[in-house]
Amino acid sequence: MKIKLNSDMKILRRKIVVYFLVITFVAMIISSIIDGVLEYLVLNVVDSETVVLDAETLDGEILEGEVLDNEAGIIALISSSLFLNIGVYVIGGFIFYLLTKREIKKERDRQINEQNLLYAAIAHDLKTPMTSVQGYAKALADGRIKEEEKDEIYSIIFNKSKSMDSLVDTLFEYSKFGTKEYKLNIKKLSLSVLVRDIIAELYCDFEEHDISIDIDIPEEVIEIKADKNELKRAITNLITNTYKHNPSGIKVLVRLHQYENNVSELIIADSGNPIPKDMNVFEPFVTENEARSIGQGTGLGLAITKKIIDEHKAKICIREDVPEYTKAFVVTFYDA
């Protein structure tokens, strides 16, 4: 399975390009200095040769040996310059190789470490409910559960197995991003209509959590090029997070605006819990709940959202400057 360049690999590629340009530039400067010194020496040899020829004419004697010595000197200087220039570029190439090798090793080590952390997080999120299911199943098999409690235990087992299944599905969705097989079905769609439809589908959830929602979406159609299903998943993740990870009774703002340069901006803000300063919520398995217990969020929702947004060549960021709201997720679409 071939993997596309992610953001970290793009940074690595930029570093390698910068190394190449810097080393090439330095090598060209050194080569120019060598050529300048050669030119100076050659001119002196030529002047010396002219003097010899002038002396030859005045005395009426042929001084071929002197002329040949000067020609040999010029050839020697040209040869020396050639070897020096080659040496400069060879040394530059070797330095480039060492720097590139170092950066590739650092990136490889980072990816291995990230992969190990990912595996550990997956194991953690599956182990806890799996242990519970095994314990309850064993208790049922041993007849240690009272008859009146069995329905409740069956319900717990079902919900925990459903949560594990949901986690596996989410992991599958996350693993698709960045692969060659993952392709967007890009078509023109109305972003304003899509956002309204998502809010309508989630309206009952907002009422259940006693959330006051302020919808600021213009009547005119705002069109963008996007994969409707994938973009719907991303925006739904952002909106559902407003009540999944906040207390009831908060305020939520959903605002859509299009600027004159065809740049569209979607803001999803809430007055709930602020995001800790040192937390990157777009990394996989990052949640405010350190235990990451099932039912409290797997920490993959925003990671998936960011990947979808990135695939659409759009940008997502978190702002804290929206009045009356503690945080705001801002998605900017450039290809409207």
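In the predicted model, strand β5 is joined by 7 bridges to strand β7 (residues 327-333), the two running antiparallel, where strands are DSSP runs of E of at least two residues, numbered from the N terminus, and two strands pair if DSSP finds at least two bridges between them. Within this pairing, Ile-267 stands opposite Val-330 of β7. Strand β4 (residues 251-258) is likewise antiparallel to β5 and is joined to β5 by 7 bridges, with Asp-270 of β5 as the bridge partner of Val-252. The hairpin formed by β4 and β5 has 5 residues between the strands, and Asn-262 in the turn has a positive phi of about 65°.

Residues are numbered from 1 along each chain as its sequence is written. Because the model is predicted, local features need pLDDT of at least 70 and side-chain atom pairs count only at pLDDT 80 or more, while totals for chains, interfaces and linings use all residues, and side-chain values use heavy atoms, without hydrogens and water.

Strand β5 (residues 264-270) is mostly covered, 7 of its 7 residues being buried (under 20% relative accessible area, 1.4 Å probe, protein chains only). Ser-264, Leu-266, Ile-268 and Asp-270 point one way, whereas Glu-265, Ile-267 and Ala-269 point the other.

Key
Buried means under 20% relative accessible area, exposed over 50%, partly exposed in between (1.4 Å probe, protein chains only). Helices (H or I, at least four residues) and strands (E, at least two) are DSSP runs, numbered from the N terminus.
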